[in-house]
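Me: I'd like to learn how to read helix packing, sheets and chain contacts in a model. Can you walk me through one?
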Amino acid sequence: MAEIIQDIQEQEYLINMGPQHPSTHGVLRLVLSLRGETVLSVQPHCGYIHRGIEKMCERLTYQQIIHLTDRLDYLSAHINNHAVCMLVENALGVELPERVKYIRTIMDELARIASHQLWWCSFGMDLGALTAFFYGLRDREPILDIFEESTGGRLIQSYYTPGGLMKDIHPGFQKRVKDFIKMFRKKINEYDQLLSGNVIMTQRTQGIGILTEEEAISFGVTGPSGRGSGFECDIRKHHPYSLYNKVEFKEILRTEGDSFARYSVRMDEMRESLNIIEQLIDNIPAGDFSVKMKPVIKLPEGEYYQRVEAARGEFGVFISSKGEKYPYRVKLRSPNFSNLSALHSIAHGQKIADLVAIGASLDYVIPDIDR
Amino acid sequence: MEFNIYDFTSFTKWIDESLNAAMSPFWVMITEMAIIGVAILAFYALVGLFLVYAERKVCAFMQNRVGPNRVGPFGIFQTIADLLKLLMKELVYIKNADKLLFNIAPFIVITASFLAIAAIPFAKGLHAIDFNIGIFYVVAVSSLGVIGILLAGWSSNSKYSLIGAMRSGAQIVSYELSVGLSLITMVILSGSMQLSTIVEAQANGWFIFTGHIPAIIAFVIYMIAATAETNRGPFDLAEAESELTAGFHTEYSGIRFAFFFLAEYMNMFIVASIAATIFWGGWMPFHVPGWEGFNTVMDYIPPFIWYIGKTAVIIFIMMLFKWTFPRLRIDQLLTLEWKYLLPINLFNVVLMAFIVLMGWHW
């Protein structure tokens with residue numbers, strides 16, 4: 001009998017979390033091996049939503065690629081497109097009008113706020129606070145309305161194009177954005193009251209799921225998740241693009257590396273994004289919203305790389321061109337893929353409930369992982 | 001016969017006497033059991049349907065939503081429509097599941113909650129059976145439900161269900177202690193376990209007011225423990241939607257799922273009833289000693305309304321709990337019980353005994 005008990009105690013309890021599971025935020029499959037409630041190992045299996053975007057790009061013109069990079073991390077669609085557009089513009093040496101840079105920066109930051117809001121929703125939901133989910137969605141709606149008004153799209157906009165923007169902003173854009181900033185500055189304090197200071201929430205996240213700075217660097221965990229571990233990786237600060245060298249903003253850093261650090265980095269980043277938008281929104285200069293480009297863009301032969309700070313970390317586009325209208329080879333460096341790779345080393349030894357909280361704090365978007 | 005809405009004693013007595021005049025004692029018993037059974041069943045279904053609707057409306061109110069508003073005025077028939085849907089749904093049988101236990105489990109859960117209703121006094125003279133060990137009976141019967149949950153988790157042949165059942169077992173067994181001890185505190189105060197006597201004893205002030213600090217502590221602990229015992233948020237670890245999809249009832253479908261669902265709401269109703277009865281005076285109107293005019297006005301409100309009102313307030317508080325807080329982790333849940341609530345509770349029992357011995361409690 002004693003042997004049987006020991007045998008049972010030493011056995012691992014394998015469980016498939018996903019591909020359909022409420023807290024994997026999509027079709028991610030995690031194979032967990034458990035002992036009781038404790039997670040011994042996490043093995044992510046991806047590929048359930050693989051669409052071969054990098055391969056498809058090899059048969060698409062540079063204007064068409066935009067519509068695919070939208071669909072990687074759909075929550076930072078603007079920012080992904082920004083990388084592709086900048087890569088093409090830099091390769092061709094196109095000088096952009098100031099107006100384009102202003103609008104792009106504002107749109108990027110709005111997308112970042114919207115993305116972090118949705119992250120906050122799902123974070124609350126994964127912890128079991130369903131009310132948070134609806135509060136976040138309610139406040140995300142104005143941003144989507146702003147996007148819809150100017151770009152025609154709510155989730156994926158395909159607004160940027162090599163050489164500028166698809167169309168000019170709506171006349172009511174500035175007023176709407178200013179209204180939103182005013183409204184959201186109040187609401188974000190409400191978020192803090194509802195979730196950040198809650199005893200259960202802090203107990204569930206503080207000191208749980210620690211990712212050290214060394215691990216963050218070696219796994220390439222970037223974005224808010226990396227900065228929660230003290231890894232200075234904000235591309236906007238260290239390799240400024242667009243207007244980020246002209247605006248004042250702080251790089252939010254936490255050194256604890258736990259779930260709560262990643263949480264509070266994102267909360268502060270939303271405030272910082274509001275500051276950035278506030279500095280720009282009144283000064284959008286008049287002028288063209290795009291540069292006249294050739295209908296068929298041909299990149300000179302060579303290899304190009306452009307990176308931007310997407311909502312979840314460093315997003316990079318590598319394009320190898322042979323001087324044709326299609327790229328010869330495209331490689332996308334998606335932040336979520338690297339962030340996910342650290343999941344096992346963060347989550348092993350924790351409880352199942354903590355694994356869910358850690359997953360929420362890493363904020364993965366599955367189409368970005370699988371591409 | 002006089003039908004008095006303030007005192008059902010004469011009414012029930014009249015039924016008993018007229019039945020006795022017509023048939024032998026054995027058949028009287030059978031008939032009375034049937035009447036009570038049907039009455040409770042109807043009440044049970046009604047309260048269940050109403051609570052599901054109330055939960056959805058309260059939750060919508062918390063979340064800036066409208067809630068059900070399509071079926072009937074203000075969506076009041078939504079839950080009936082849902083029930084019809086669940087009744088017509090296919091019952092999915094799981095391969096390699098333990099069929100017998102799988103089928104029995106929902107009935108055990110629902111029976112446990114069904115039995116507990118019997119002892120609750122709804123108004124003066126309106127209860128199915130007035131035990132002299134009423135509280136003991138309620139605690140004993142309501143703890144049977146965990147057997148059903150464990151069986152459901154075990155027999156489903158699903159890993160998520162098993163984890164849910166494991167959690168639920170640990171949770172309910174632990175929190176039973178706190179429920180029991182906080183009720184014992186109040187039993188010391190009232191000096192009786194008979195629920196009707198406890199209610200009568202609160203004529204000059206509810207126990208939460210007359211019981212000094214220990215009664216308040218006991219009430220708070222009872223609310224926490226009762227929420228945990230009914231598997232409701234923030235203690236809904238057994239279901240834990242974001243972790244275990246649906247916990248112990250993942251594999252159940254159709255009306256069997258509805259049984260679990262209904263039992264959850266009925267358990268909530270029962271613990272709220274007990275809280276209202278023991279701490280807030282049950283059907284007893286709000287009286288302030290010395291204020292004769294005020295007391296007379298309060299007496300005009302029927303006891304049944306008092307009882308329903310108090311229960312509804314407590315249920316509303318429990319719903320606010322659920323829609324405000326995140327979920328605890330299993331080890332934190334057990335830490336809360338064994339390291340905080342239980343010692344406080346034991347101390348509280350001693351404190352209450354001391355107060356009662358010194359005669360400070362009236």
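This is a predicted model: local features need pLDDT of at least 70, side-chain atom pairs count only at pLDDT 80 or more; totals for chains, interfaces and linings use all residues.

Me: Which residues of α10(B) and α15(B) meet?

Reply: From α10(B), they include B:I217, B:I221 and B:I224; from α15(B), B:L341, B:I344 and B:L351 are among them. By class, this contact has eleven nonpolar, three polar and no charged residues.

Me: And the sheet in chain A: what is its strand order?

Reply: It's an open sheet of three strands, ordered β6-β7-β8 in chain A, with antiparallel pairing. β6 (302–310) and β8 (329–333) of chain A are at the edges with a single partner strand each, so one side of each has no neighbour in the sheet. Five bridges join β7(A), residues 313–321, to β8(A). For instance, A:I319 has A:V330 in β8(A) as its bridge partner. Helix α4 (residues 77–92) of chain A packs on the sheet, touching β6 and β7 of chain A.

Me: How many residues does each chain give to the contact between A and B?

Reply: Chain A gives 25 residues and chain B gives 21. On the chain A side, the elements giving two or more residues are α5, α6, α8 and α15 of chain A. That side divides into twelve nonpolar, seven polar and six charged residues.

Note on methods
Residues are numbered from 1 along each chain as its sequence is written. Chains are lettered from A and ligands numbered from 1 in the order in which they are written. Two strands pair if DSSP finds at least two bridges between them. Helices (H or I, at least four residues) and strands (E, at least two) are DSSP runs, numbered from the N terminus. Two residues are in contact if their C-beta atoms, placed from the backbone, lie within 7 Å. Axes are lines fitted to C-alpha atoms, for helices over the stretch in contact, and angles run from 0 to 180 degrees between N-to-C directions. Ala, Val, Leu, Ile, Met, Phe, Trp, Tyr, Cys and Pro count as nonpolar, Asp, Glu, Lys and Arg as charged, and the others, Gly among them, as polar.
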